[in-house]
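The following exercises are to be worked with the sequence and the coordinates at hand. Each task is followed by a solution in steps.

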Amino acid sequence: MFPKLPLSLILLATTLLLTGVFGRDFQKLHEREPVVQGPGVTRVGKLSAYLPALKDTAGDTDVYYLEGREAGATVFVMGGVHANESAGMLSAVLLVENAIVKAGRLIVVPHANESSFTNTAPSEGVPTRFEIKTASGTRWFRYGDRLTNPIDQWPDPEVYVHYPSGQLLSDFEVRNLDRSFPGRADGNLTERVAFALTELVRKENADLSIDLHEARPMNPIVNCIITHERAKELAALASIDLDSKGVQMRLEPSPKKLRGMSHRELGDHTQTLSVLMETGNPIQDKLHARADDALILTGKDDFFTRAASNGLLYVPYLENGLSMEERVGRHVASIQELLNVFADLYPQKKIAVDHLPSYDQIRKQGVGQFLLSNGISSAPSKPAGPAGT
Amino acid sequence: MILVTYRLLCVFIAAIIVWNMFKSDKSQEKIVYCFLIIPLLLRVFLVK
């Protein structure tokens, strides 16, 4: 009946072996990059503390608390809402590893949508990791997708109906965390993550929430602070101050009719002042040539140079590209400015954060200079502290 | 529930492909069947 049985068995064994090899590559996407606890971190918790149903799921993620000795305002910063917007995640990591809070407290979530870091966009050919050199070694970080991994949430509906507004969106947006706020406790995984983040903001009484993103250079909503109307004054003053320091971050109002985004829903459903920041990231656009880790880090691509010379980009683009240093520097400088303006506007709610590197420092010395390695800072300007791992 | 159904479907299709591979006399066909099984197995094991 099976005249070629030995060959079939050999091929089947080879197939199983290959499945194992490929499977290991996919499993590696679930390995979490180490985030070193900086000297300012007072405790580390889990997002599932705000929604126990998230415990031991792909949606649970680390929450870092940096508490000052003096009571004051609470500022919530999240990166990694979209895992392909690396400067947002990396800026949040840089906060965790560098910031020292004197008054008030910072709560930082670097990987807001943990599941989206475990997959990449189909057909894009993007890398799954990138590396950053520090003075004492190399650190690796995941490059993921905009959307929750379908292995954790599947299938997508024909039409995504946002809760609670009832707004209709495209099917895949059901896995977009920044279309799922304020979320719901018994919803799909992305909605549960959104709900837990909203609960965090609500229960911790966050006075200010900052969501770190990146956008395509051909998208007009880039290099900007998108602000809820209650945070308009704060964001406008920060934008002006940044401009005076040579960092242009335009002001964009949060549209009232586009639901599900953090700047809109956190502002509407909680007490927080809510803003979202965007920097320009070439790998997210369709214009680039090869999508490799160099493009993530340098943002350098000849097609973008040509597009810029034809006035097609909404960000200043030089031949040097749009480096990670420029993008992270822009985010960190904007966070620092928002904190400064907040402290001026609301003197009764103190917030004082030290040891954040400046825009120029990050651009000149590189992001790696401000990342810790084995608990030891490679940044020469950093003070000695009780750093742990 | 739909995920369980999906996995069962993947197991069923993978089994049919393996059956056809054993039945086939042509080496080329067998190799093609092998390639077809891989993505199904990755889904059965919830890796992809």
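**Exercise 1. The surroundings of a covered helix**

Task: Determine against which elements the buried residues of H5(A) pack, and identify the buried residues in H5(A).

Solution. The model is a predicted one. Step 1: the buried residues of H5(A) pack against helix H3 (189–203), strand S9 (208–215), strand S10 (224–227) and strand S12 (273–280) of chain A. Step 2: helix H5 itself spans residues 262–269 of chain A, and 6 of its 8 residues are buried, so that the helix is mostly covered, a residue being buried if 20 or more other C-beta atoms lie within 10 Å of its own. Step 3: the buried residues in H5(A) are Ser262(A), His263(A), Arg264(A), Glu265(A), Leu266(A) and Gly267(A).

**Exercise 2. Confidence**

Solution. Step 4: where pLDDT is low, predicted coordinates should not be read in detail.

**Exercise 3. The partners of strand S4**

Task: Find the strands that pair with S4(A), and state the sense of each pairing.

Solution. Step 1: strand S4 of chain A covers residues 100–109 and is mostly covered, with 7 of its 10 residues buried. Step 2: strand S2 (residues 62–67) of chain A pairs with S4(A) in the antiparallel sense, over 4 bridges. Step 3: strand S3 (residues 70–78) of chain A runs parallel to S4(A), and 6 bridges join the two. Here Met78(A) stands opposite Val109(A) in S4(A). Step 4: strand S13 (residues 352–354) of chain A and S4(A) are antiparallel, paired over 3 bridges. Ala103(A) is opposite Ala352(A) in S13(A).

**Exercise 4. Backbone geometry in loops**

Task: Locate the cis peptide bond from Trp154(A) and the one that joins Tyr163(A) to its partner; then decide whether Ser123(A) counts as buried or exposed.

Solution. Step 1: the peptide bond from Trp154(A) to Pro155(A) is cis, with omega near -5°. Pro155(A) belongs to the loop between strand S6 (137–142) and strand S7 (159–161) of chain A. Step 2: Tyr163(A) and Pro164(A) are also joined by a cis peptide bond, with omega about 5°. Pro164(A) lies in the loop between S7 and strand S8 (168–170) of chain A. Step 3: Ser123(A), a residue other than glycine, has a positive phi near 70°, and is placed in the loop between S4 and strand S5 (129–134) of chain A. Ser123(A) counts as exposed because it has 6 C-beta neighbours inside 10 Å. Step 4: His355(A), not a glycine either, has a positive phi of about 65°. His355(A) sits in the loop between S13 and helix H9 (359–365) of chain A. With 19 C-beta neighbours inside 10 Å, His355(A) counts as partly exposed.

**Exercise 5. Nonpolar cores**

Task: State how many residues the largest nonpolar core has.

Solution. Step 1: the largest nonpolar core has 92 residues, and those with the most contacts inside it are Val77(A), Ala92(A), Leu106(A), Val108(A) and Leu338(A). Step 2: helix H8 (residues 324–345) of chain A gives the largest share of this core, 9 residues. Step 3: leaving aside neighbours within four places in sequence, Leu338(A) is in contact with Leu208(A), Ile210(A), Leu234(A), Ala238(A) and Val275(A). Step 4: apart from this core lies another, of 7 residues, among them Leu11(A), Tyr33(B), Leu40(B) and Leu41(B).

**Exercise 6. Chain B and its contact with chain A**

Task: Describe chain B, and state which helix gives the largest share of the side of chain B that touches chain A.

Solution. Step 1: chain B has 2 helices and 0 strands. Its C-alpha atoms fill a box of roughly 40 × 15 × 10 Å along the principal axes, and 17% of its 48 residues count as buried. Step 2: the contact takes 19 residues from chain B and 19 residues from chain A. Step 3: on the side of chain B that touches chain A, the elements giving two or more residues are helix H1 (2–23) and helix H2 (27–44) of chain B. The largest share, 8 residues, comes from H2(B). Step 4: by class, this side of chain B has 14 nonpolar, 1 polar and 4 charged residues.

Technical notes: Residues numbered from 1 in each chain as written. Chains lettered and ligands numbered in written order. Predicted model: local features only at pLDDT ≥ 70, side-chain atom pairs only at ≥ 80, totals over all residues. Buried ≥ 20, exposed ≤ 12 C-beta atoms within 10 Å, placed from the backbone. Pairing = 2+ DSSP bridges. Core = buried A, V, L, I, M, F, W, Y, C linked by C-beta atoms within 7 Å. Contact = placed C-beta atoms within 7 Å. Nonpolar A, V, L, I, M, F, W, Y, C, P; charged D, E, K, R; others polar.
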